[in-house]
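Please look over the sequence and the structure shown here before reading the notes on them.

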Amino acid sequence: MFPTELKYTETHEWVRIEDDFATIGITDYAQGELGDIVFVELPAVGKKVKAGQPSGTIEAVKAVSDLVSAVSGEVVEVNSELQGAPDLVNKDCYGKGWMIRLKMENSEEIKNLLTAEQYEKMEKKTH
């Protein structure tokens, strides 16, 4: 149900770790709860973000939610396709619907993230 190569947060973000870089998006559960996503506001390239802090917003028809950074680092890339097609998050949240890519400041923060199995257990408990 959840890609096992990814890490997860309790606030329903996923993280793909590649060397010193982390790509972050929201989980299938999160996009399903939000409904049709109509706008995504992402941080500027070069902005420093902190783990556990909002780094953008996701606006859906029924709610606005924060994109919480899973790890600390500097934004090196944002998914500019989302500006014209925010629904990519609904259609392909683990692929084309990714949101930001960071150069991580502290790889130790990865230890605070959940595995797919841990995330699935947490998600089942809350629902």
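This is a predicted model: local features need pLDDT of at least 70, side-chain atom pairs count only at pLDDT 80 or more; totals for chains, interfaces and linings use all residues.

Residues are numbered from 1 along each chain as its sequence is written, and side-chain values use heavy atoms, with hydrogens and water left out.

**The chain as a whole**

- The protein chain has four helices and nine strands, where helices (H or I, at least four residues) and strands (E, at least two) are DSSP runs numbered from the N terminus.
- Along the sequence these elements follow the pattern β-β-β-α-β-β-β-β-β-α-α-β-α.
- The chain is as compact as a globular protein of its length, because its radius of gyration is 13 Å, close to the 14 Å that the globule rule gives for 127 residues; the radius is taken over C-alpha atoms, and the rule is 2.2 Å times the number of residues to the power 0.38.
- The C-alpha trace spans about 35 × 35 × 20 Å along its principal axes.
- Buried residues make up 46% of the 127 residues, where buried means under 20% relative accessible area, exposed over 50%, and partly exposed in between, with a 1.4 Å probe and protein chains only.
- Among contacts (heavy atoms within 4.5 Å) between residues at least 6 apart in sequence, 62% join residues at least 24 apart.

**Helix α4**

- In helix α4, which runs over residues 116–126, A116, Y119, M122 and E123 are buried.
- An α-helix has 3.6 residues a turn, so residues three or four places apart point the same way.
- What covers the buried residues of α4 includes β1 and α1 (28–34), whereas E117, K121, K124 and K125, on the other side of α4, are exposed.

**Two loop residues with positive phi**

- H12, found in the loop between β1 (7–8) and β2 (13–18), has a phi near 75°, a positive value in a residue other than glycine.
- H12 is buried, with a relative accessible area of 16%.
- D19, placed in the loop between β2 and β3 (21–26), has a phi near 55°, again a positive value in a residue other than glycine.
- D19 counts as exposed, at 72% relative accessibility.
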